[in-house]
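Have the viewer open as you read.

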Amino acid sequence: MIDLFLKDPDGQEHYLQVKEGTSVPEVIAMGNYPHAILSCRINNVNMRLDTVLTKSCHLDLLDLRDNYANMSFQSSLIFLYMEAVHRVLGREAHITVLNSLSKGLYTTVRATLNSDDTARIEQVMHDLVRQDLPFQEEKLTKQEMMDHLKQLPHSTGRRLRLMQTSDSLESASLCRFAGCEDLFYVHLLPSSRYCEPFSLKRYRNGILLQFPLQSDPDHIAPFVEQKLLYDAFAEETHWEHLLSIDYAGDLNACMKADYQEVVMLSEALHEKKIGEIAQRIAQQKKRMVLIAGPSSSGKTSFARRLCIQLRVCGLHPLYLGTDDYFKNRDELIPDENGNLDFESLDAVDTDLFTAQMNDLLAGKKVDLPTFDFITGKKVYGRRITSIESSQPIVMEGIHGLNPALTGGIADDEKFRIYISPLTSISIDPHHRVPTTDARMLRRIVRDARTRNRSAAMTLHDWASVRRGEEKWIFPYNDTADAFFNSSLVYEIAALKKYADPLLKQIDPSSDQYPEAQRMIEFLKFFAVMPDDACIANNSILREFIGGSILID
């Protein structure tokens, strides 16, 4: 018998004794869990769910609410989708997984799609689920993988280029399912029967793959039309084509050659977009410019660059931040755990904000507060100001698009901007890097540099940050008048130099160790930028790696 120290998905701990050679699914069958178990950790290491236990260990069971299990589910579902597409449209059909959109994954299929093909593909997927076919994984060295790819009869150029240019990649998982094979950096589910629920929806020029959100593991997330977001993604795809960089292998090759030119072109595209937004504001004579976005979007750098572009248009904007309108700390009500939630709109003095903004727009003199984060109180008397009728106010903060913050200000005065790194360069056509991972890398690097916080501390807080974003930011992004995609095609290559060592410092006993290892694994597919001195000192990325002339 072996001893199992088991932790269920709700964090409850249990002690069991089982026979040596018992599989994790057999352990799961001994319990009763509210949601399907999809993955596991053994001694704090992410493992496949069908792992056989041979010695005493700590075993964590994970459902869709866990980030790693969620990634495993999505990767397996994409693999299932690929096989179904090939069975319906032929093996030459080319699938690209582009981005998260409308509560699902937006994909394109390079083939002729008839009106009933989406339904046929979905039906085949359900048939494959019923057949309970295994997802197989084989660990190959980098050289073994390249030798294998060279022997395949069909085109493997993208994957081979990725292997050849990924300097820190020593091995990779070759995965097989039915007639498909692909590379993955997370463990897949044991078999196709775990890949439910899901649905397909024909959407614009592609197919939307829908599935449950982490917050509701048992139900498919309802479709939400996001036209502005779709247009922003389309624009980013156009930019990537202009730069001739579509995937990690392209970027890696660039890091060994003309990376300075890619940096300059990427920054020029940012500047062009910021200038276009400034022109719209000037032409529409908007007085209240509201900038919102999730954590690590680059809101402050963007806002200051927008102010410069507005001055080029002949305007003299007043820059403000909603952080200065925090309620005094002794006025805040702690949550059930005794913590203060600074992500909540309840932490903002909305009455003061509305009154002062309306007074400014009316030409009155206003004593603007400055929030002292050391004392936890607003300080007055430092910024007594008024503005002229032609001056716009540029207001940056996570709640900028929330009507509960600005409802008392006339709508015809407002111009709303949503900023986020909406896309990040994909590893290959089937493996995107989630935008949350791109933002997390930014935050890890910035927190270590400016707040002396370890990567473990940043990862620990990330779940709370994400919950706040889901509640206070994302519901309002489609009300924006303009979207600004703050991602830079080269940024993972630049961030890796800083983030990788920080992630590797996390102790194997830490609760954040498994997530750090997942991020380290996907970073292995990317080369490091040889020298980041070529990144302009007003770049949004400088807000995170340092050297910005825009951030105090």
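How many of the 16 residues of α12 are buried? Keep in mind that this is a predicted model.

## Helix α12

The count is 12 of the 16, so α12 is largely enclosed by the rest of the structure. The helix runs over residues 435-450 and reaches 22 Å from first C-alpha to last, close to the 22 Å expected at 1.5 Å a residue.

Asp437 pairs up with Arg518 in a salt bridge, with the closest N and O atoms 2.8 Å apart. That pair ties together distant parts of the chain, since Arg518 sits in helix α15 (residues 513-523), 81 residues away from Asp437 in α12. Arg518 is buried at 2% relative accessibility, and Asp437 is buried at 2% too. Arg443 and Asp447 belong to a salt-bridge network with Arg451, Arg453 and Asp461.

## Pairs within a helix

The structure has 39 salt bridges. One of them joins Arg120 to Asp117 at 2.8 Å between the closest N and O atoms; the two are three residues apart in α3 (residues 117-131), about one helical turn. Asp117 is buried at 1%, while Arg120 is partly exposed at 39%.

In α8 (residues 259-284), Lys272 and Glu276 are four residues apart, about one turn, and form a salt bridge at 2.7 Å. Lys272 is exposed at 52%, and Glu276 is partly exposed at 34%.

## A negative patch

Asp335, Glu336, Asp341 and Asp346 make up a patch of negative charge on the surface. Glu336 lies in the loop between β14 (318-321) and α10 (350-361) and is exposed, at 72% relative accessible area.

Terms used
Residues are numbered from 1 along each chain as its sequence is written. This is a predicted model: local features need pLDDT of at least 70, side-chain atom pairs count only at pLDDT 80 or more; totals for chains, interfaces and linings use all residues. Side-chain values use heavy atoms; hydrogens and water are left out. Patches are made of residues with over 30% relative accessible area and no salt bridge: like charges are joined within 9 Å, nonpolar side chains (Val, Leu, Ile, Met, Phe, Trp, Tyr) within 5 Å. Accessible areas come from the Shrake-Rupley method with a 1.4 Å probe; for residues, only the protein chains shown count as cover. A salt bridge is a side-chain nitrogen of Lys or Arg within 4 Å of a carboxyl oxygen of Asp or Glu. Lys and Arg count as positive and Asp and Glu as negative; His and the chain ends are not counted. The place of a charge is taken as NZ of Lys, CZ of Arg, CG of Asp or CD of Glu. Buried means under 20% relative accessible area, exposed over 50%, partly exposed in between (1.4 Å probe, protein chains only). The expected span of a helix is 1.5 Å times one less than its number of residues.
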